[in-house]
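Subject: Handing over the model

Hi,

Here is the structure I promised you. Have a look at it first, and then read my notes on the ligands and the aromatic rings below.

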Amino acid sequence: MRTLLVTGGAGFIGANFVHYMLTRESNDRIIVYDKLTYAGRRENLAAVADHPRFLFVQGDICEMAQVRATVEQYNVDTIVNFAAESHVDRSILDPDAFVKTDVYGVYVLCEVVKQMGLARLHHVSTDEVYGPIAEGKFREDDRFMPTSPYAASKASGELIALSYYRTYGLPLTITRGVNTYGPYQYPEKAIPLFITNAIDDIPLPLYGNGLQVRDRLYVTDHASAIAFVLEHGKPGEAYNIAADMEKTNLEVAQRIVQALGKPAALIQFVKDRPAHDVRYALATEKLTALGWQASVSFEEGFERTVRWYQENENWWRPIKSGDWLDYYRKQYTER
Ligand code: NAD
Ligand code: DAU
């Protein structure tokens, strides 16, 4: 039996990972440790709140004493780190929290794993550390060339973690996932923003010419890949996660209005994101050679996602009428 401290487990991918782990055959105990920023939400974990192998602790990964105390109290042997400031546009408006959580916070987790002799730190990273690529795909040993403050913080956090593996032999694994979508994604990210706007007949703001390409991964596949690397990954190694489903933003926006029976005129081209990365793409042979593969097609994942937002207005309406509105105004009307 393992005891996993899932940092950032009340956010989008973290909560889906927790659901995934608690519905498969295993004795793993899951302790979610989350600061509950605007993106972290207890309701994302409501379905597992009473599960006998689940516990929630509110806490900040930048607070070493609190992380240590939690590890000690619950006999944690493995940390899986999802905690991050994760939205590129917010990092452009104000990078401060990104440097704190995505760099210093990762250092704290490395120190705790080292000091307390834990069995594993799995760090969840992103394709954005490599930067954009016009053609071809990045492999795990390619150089980092991040663009935004978000991507640079994620790259820096990873470099700190890798230095702990090289210098102290920290039992570290890393995954770098592509653009992920599905239930519980905060409606500042393109897909849930576009779906919820379209439901309400609000314009879908498409940056620049809308021809930027992202590889889209359904969230349960991202979760299953992380669980797979926890079991089969080799310490010191990073693994790309992707499902080879590249789409332009324009195509995604068009599919959303079609799926919801809304007019194409709802799609509005707006000012581009500064230094907008034109395409990310990852080679996944390293992970697939170990035996992992994605199981949800884009068509299936997209349909499930649209339906989830249609059926769960009680989840996103309070968000979109709360603090979110201040951010939305700043992002789309004042810049
Ligand atoms: P999210 O913003 O939905 O969730 C982040 C979670 O971290 C929230 O629950 C938040 O409360 C928590 N958190 C933030 N700062 C914290 C702190 N200091 N201490 C403790 N908890 C804190 O993010 P997400 O989209 O679920 O992404 C999860 C991870 O996956 C991130 O590390 C992100 O970089 C990475 N990732 C995301 C994607 C994607 O497309 N969403 C793709 C690849 C990698
Ligand atoms: O690729 C992995 C990354 O994917 C993760 O590391 C990040 O945490 C996650 O936020 C995501 O980053 P992106 O910038 O790719 O996701 P976002 O949903 O913000 O934007 C997707 C694309 O859509 C991007 O090209 C920008 C564009 N976009 C986004 C928004 C919010 C728009 O055209 N209009 C919008 O309103």
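A polar contact here means a pair of N or O atoms within 3.5 Å; within protein, one must be able to donate a hydrogen and the other to accept it, and residues adjacent in sequence count only if both atoms are side-chain atoms. With that in mind, ligand 2 has a nitrogen atom 2.7 Å from a polar backbone atom of Pro 205. An oxygen atom of ligand 2 is 2.8 Å from a polar backbone atom of Tyr 207, and another contact puts a polar side-chain atom of Asn 249 at 2.8 Å from an oxygen atom of the ligand. The protein covers 95% of the 680 Å² of accessible area that ligand 2 has on its own (Shrake-Rupley method, 1.4 Å probe).

Before I go on, some housekeeping. This is a predicted model, where local features need pLDDT of at least 70 and side-chain atom pairs count only at pLDDT 80 or more, while totals for chains, interfaces and linings use all residues. Residues are numbered from 1 along each chain as its sequence is written, chains are lettered from A and ligands numbered from 1 in the order in which they are written, and side-chain values use heavy atoms, with hydrogens and water left out.

Now ligand 1. It is surrounded by 29 residues (a heavy atom within 4 Å), and the closest are Ile 13, Asp 34, Ser 86, Tyr 150 and Lys 154. Thr 101 has a polar side-chain atom 3.0 Å from a nitrogen atom of ligand 1. Here the protein covers 96% of the ligand's own 830 Å² of accessible area.

Tyr 150 turns up again around ligand 2, where it is among the nearest of 25 residues, along with Asp 127, Pro 205, Arg 273 and Tyr 332.

On to the rings: the whole structure holds 16 aromatic pairs (Phe, Tyr or six-membered Trp rings with centres within 6.5 Å; planes under 30 degrees apart are stacked, over 60 edge-to-face, the rest tilted). Trp 308 and Tyr 309 have ring centres 4.9 Å apart and planes at 80 degrees, so they pair edge-to-face. Trp 308 is buried at 13% relative accessible area, and Tyr 309 is buried at 0% (buried is under 20%, exposed over 50%, partly exposed in between; 1.4 Å probe, protein chains only). Tyr 181, Tyr 218, Phe 298 and Phe 302 form one aromatic cluster.

Cheers
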